[in-house]
Amino acid sequence: MILLDGKKTANDIKDEIAIEVSTLIANDRKKPHLAAILVGKNGASETYVNAKVKACKKVGFSSTLVCLDEKVPESELLAEIEKINVNKDIDGLIVQLPLPNHIDEMKVTQAISPNKDVDGFHPENIGRMVLNLPTYLPATPSGIIELISRYNIKTSGKHCVVIGRSHIVGSPISILMSRNNHIGNCTVTLTHSRSKNLKQITKTADILIVALGKAGFVTRDMIKDGVCIIDVGISRVESSVTKSGWKLLGDVDFDQVKDKCSFITPVPGGVGPMTIAMLLQNTLISAKRDIY
Ligand code: NAP
């Protein structure tokens, strides 16, 4: 079994981005600039946003963090987005999800200018992805593709089974794995909570991508020998052995499956770090005006 080391790969990508930033600056171009909007005080969201701001610093980007109150009216959030949309100094904008219930997430996603939508969630960018046109790919699926590519895993003609159909992971990765690209050309089966006989389906997977958010869901009896497993899930569970009192677990029972698969991503240290690296990559693409 080969461990797909997302932490190391993400660090390699960050080093490559940092070199590109130095080249931009040497050519009298400005630093790439990422803005993030955080609404309310959700512990996990704060952790994710802070990690993104820290990563910007590491590669030499500028960053702006706008923190808004939990009760901020939707109109005020939309006005903040518009301010950033027209700010020529800012290349990329993300709004950390989830948002409080009184705010329409889809309205917010659509308010972000497609040319600054470095999360790749805007319908225009999703449409471009489906049509295989240059675009900002959503960061988590794009991180999975990059990891598969850098470990030279063959995908053409393989059966890829995806568990979970969210807009941010399951649906886009199923599209990317079926596209006619170097990493792609799979026959894809997209499964969800209404899928019947899930075990029969997962047992036929050459590549199994798991994104449902249930710790240890995939067990040894659900996979075939030699499968490549990409575990996207992150669940925080209580632990009596860690100092913090909790630990992070993936959607796959790692210990049960590790000697049965060819490749597997660990949790933590697999897909998570790749997500941030790809967000930086999208911001660099925006700063270089490579797409729009
Ligand atoms: P989500 O929006 O909650 O969607 C979960 C999906 O799983 C849904 O499509 C649901 O089906 C499906 N599902 C639930 N129970 C199922 C079952 N028993 N069998 C088959 N499918 C089932 O999830 P998400 O936002 O994609 O996140 C999934 C996990 O990935 C979470 O743990 C999240 O924290 C993690 N995540 C990690 C990263 C990263 O950077 N590593 C990024 C994003 C998310 P229905 O559609 O039928 O309800």
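Predicted model: local features only at pLDDT ≥ 70, side-chain atom pairs only at ≥ 80, totals over all residues.
Biologist: Which residues of α1 are buried, and what arc do they cover around the axis?

Modeller: The buried residues of α1 are G6, T9, A10, I13, K14, I17, V21 and L24. An α-helix has 3.6 residues a turn, so residues three or four places apart point the same way.

Biologist: Which residue caps the N-terminal end of α1?

Modeller: Helix α1 runs over residues 6-26. At its N-terminal end, a side-chain oxygen lies 3.1 Å from the backbone nitrogen of K7. That oxygen belongs to the capping residue, D5.

Biologist: Which strands stand at the edges of the open sheet?

Modeller: The six strands are ordered β1-β11-β8-β7-β5-β6, with parallel pairing. A strand with a single partner has one side left without a neighbour in the sheet, so the edges are β1 (2-3) and β6 (187-191).

Biologist: What angle does the direction of α7 make with that of β6?

Modeller: Strand β6 runs parallel to β5 (residues 159-163), joined to it by five bridges. Helix α7 (residues 170-178) packs on the sheet and touches β5, β6 and β7 (207-210). Its direction and that of β6 make an angle of about 170°.

Conventions
Residues numbered from 1 in each chain as written. Heavy atoms only, no water. Pairing = 2+ DSSP bridges. Helix = DSSP H or I, 4+ residues; strand = E, 2+ residues; numbered from the N terminus. Contact = heavy atoms within 4.5 Å. Axes fitted to C-alpha atoms, helices over the stretch in contact; angles between N-to-C directions. Expected span 1.5 Å × (residues − 1). Buried < 20%, exposed > 50% of the residue type's maximum accessible area, 1.4 Å probe, protein only. Polar contact = N/O pair within 3.5 Å; in protein donor to acceptor, adjacent residues only side chain to side chain.
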